[in-house]
Protein chains: 2
Amino acid sequence: MEKTLIFGHKNPDTDSICSALVYADLKTKLGENVEAVRLGPINGETEYALNYFNVEAPREVNTVANEAKKVILVDHNERQQSADDITEVQIAEVIDHHRIANFETSDPLYFRAEPVGCTATILKKMYEEHGVEIEQKIAGLMLSAIISDSLLFKSPTCTERDIEAAKELAAIAGVDVEAYGMEMLKAGADVSGKSVDELLSQDAKQFQMGQAKVEIAQVNAVGVEDVLVRKAEIEEALEKVIAERELDLFLFVVTDILTNDSTAIAAGKAAKSVEQAFNVSLDQNQCVLKGVVSRKKQIVPSLTEALSK
Amino acid sequence: MEKTLIFGHKNPDTDSICSALVYADLKTKLGENVEAVRLGPINGETEYALNYFNVEAPREVNTVANEAKKVILVDHNERQQSADDITEVQIAEVIDHHRIANFETSDPLYFRAEPVGCTATILKKMYEEHGVEIEQKIAGLMLSAIISDSLLFKSPTCTERDIEAAKELAAIAGVDVEAYGMEMLKAGADVSGKSVDELLSQDAKQFQMGQAKVEIAQVNAVGVEDVLVRKAEIEEALEKVIAERELDLFLFVVTDILTNDSTAIAAGKAAKSVEQAFNVSLDQNQCVLKGVVSRKKQIVPSLTEALSK
């Protein structure tokens, strides 16, 4: 039986890494031949979680068609967020919690998207559906993914199901959710050692919105000042990325994990759409998005609407 | 609470009608405000099933945005197979068993596609997941959908799960699967009273394949001769539809429910792609597709591949 690769999106966050590892565990226990891989570097937050639960990171790959005929996508479905050669393999399954776009298959498949805050919340249900017991470290990975995606349950993407799942998983993992969660988030929010390139690429995703090609990068921080002191350098880098990838808009979002507000820097010829989308004024390309922590629920829909008019 | 409309694809078949009715039953029992509707006329096979289990057909609608903000799609996801104004409403859920294409949302949603033979097979599982008892007539509708989509378990799209579900549903519905199934299929395969326009539209679906716009209509018959005697008239009608809808290919497929072979008539400037897709020669635009009964599994993937080269 040929091996099926399981992976999350490019610039992987904790959910993309952990859900790939977790689903590979479930599939392996169900007798399938799979391997979790990743499409980019491990960030500080994910590293904290993997170290805490003593789990090795998945192997990094750049292309997938050279080693597998079938793949399983977790935590994403949009083509441009996936492996560069994704059109050359058969997508056997998708487990996701995002909008569906730029996704197409020639054959029927198992596609499971649920409007919850985290892919791991869906995976936890799948362990139960299959009657497979969840090991301690696997519970820890799923818990980490939920804490990450929900910003410790503060994000509007967080649902009752995510909170319930996290509670049960914390019991299995043997950790205190609040204490573990804040330490993990802080590990990811330490921007001091990061280059501007890292800040812009670490959790960046591309979207097609109407006619516009948009990239949105988000970083968590404890206070936004550590990031904003480097604004000139950031803007220079943004212009470079925009030219390289022919983007209409790059939105760089710094989310304060203590206040749960975000500060955004907009660049590109469609930058003005940000004002319309969020009913704000850009002051030197910058604005505060009060109470905005979720790219998926608070940024992408509003921007898509503004850019589709 | 505003009403959510539930519907299957245009030119609805038995699965599209029954799955809309069935899912509306489940949702209603779960306390939601929904109504099953349909995007086209009821065919003879579906009529037989509805009469047998004494269930009223869903109301026919042409547009949906005028009466609902949210909709649920069953048995389809491709935009061109859905309501004409589908882009004006929010798609809250999709329950389907087809390939995914031409589908896009701005928000996360509940999307459940499984590679089984029939939407009703997925719905049956959902009753179990929610712990809702399946009534006799609801079991009858699901059974009818599975028999229809699987051509009484003869289609390669039919899975073990479909067969198992059908057995359990037949017990609840209180019918003999083979006897009921053959009567129902024959009711749908009676082509004598149908106009050529009806034959071409009754179960027609449009697909984008590579750069080509393709429409495939399928009718069941007991022996194909009753249909083929009207070939000249059919070809004239095909040319008209092709011109009207600017199609590159119209494939008209007549499936013999006794032999489980199909005869196809191809028209349009991409007609030759049929030869490549199925390794056959067209003789006066006509060919026999041995053992081909499934548009989804045997026709669409091969044609998509041939037309995407």
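A residue counts as buried when its relative accessible area is under 20%. The close-up views below are taken from a predicted model.

**View 1. Helix α1 of chain B, a mostly covered helix.** Of the 16 residues of α1(B), 14 are buried. The helix comprises residues 14-29 of chain B and reaches 22 Å from its first C-alpha to its last, close to the 22 Å expected at 1.5 Å a residue. Gly31(B) follows α1(B) and has a positive phi, near 90°.

**View 2. Packing of helices α3 and α4 in chain A.** Helix α3 (residues 119-130) and helix α4 (residues 136-150) of chain A pack at an angle of about 150°, and their axes are 9 Å apart. On the α3(A) side, the contact is formed by Ala120(A), Thr121(A), Leu123(A), Lys124(A) and Tyr127(A). The α4(A) side contributes Ile138(A), Met142(A), Ala145(A) and Ile146(A). Classified by residue type, this contact of α3(A) with α4(A) has seven nonpolar residues, one polar residue and one charged residue. An α-helix has 3.6 residues a turn, so residues three or four places apart point the same way.

**View 3. The five-stranded open sheet of chain A.** The strands follow the order β7-β8-β9-β10-β11, and their pairing is mixed. From one strand to the next, the twist averages 25°.

**View 4. Pairing of strands β7 and β8 in chain A.** Strand β7(A) pairs with β8(A) (residues 212-221) in the antiparallel sense, over six bridges. Met209(A) has Ala212(A), in β8(A), as its bridge partner.

**View 5. Gln284 of chain A, a loop residue with positive phi.** Most residues other than glycine have a negative phi. Gln284(A), by contrast, has a phi near 50°, a positive value in a residue other than glycine. This residue lies in the loop between α10 (273-278) and β11 (286-289) of chain A. Gln284(A) is exposed, with a relative accessible area of 63%.

**View 6. Leu152 of chain B, a buried loop residue with positive phi.** Although Leu152(B) is not a glycine, its phi is positive, at about 55°. The residue is found in the loop that lies between α4 (136-150) and α5 (160-173) of chain B. Leu152(B) has 3% relative accessibility and therefore counts as buried.

Terms used: Residues are numbered from 1 along each chain as its sequence is written. Chains are lettered from A and ligands numbered from 1 in the order in which they are written. This is a predicted model: local features need pLDDT of at least 70, side-chain atom pairs count only at pLDDT 80 or more; totals for chains, interfaces and linings use all residues. Side-chain values use heavy atoms; hydrogens and water are left out. Axes are lines fitted to C-alpha atoms, for helices over the stretch in contact, and angles run from 0 to 180 degrees between N-to-C directions. Helices (H or I, at least four residues) and strands (E, at least two) are DSSP runs, numbered from the N terminus. Contact means heavy atoms within 4.5 Å. Ala, Val, Leu, Ile, Met, Phe, Trp, Tyr, Cys and Pro count as nonpolar, Asp, Glu, Lys and Arg as charged, and the others, Gly among them, as polar. Buried means under 20% relative accessible area, exposed over 50%, partly exposed in between (1.4 Å probe, protein chains only). Two strands pair if DSSP finds at least two bridges between them. The expected span of a helix is 1.5 Å times one less than its number of residues.
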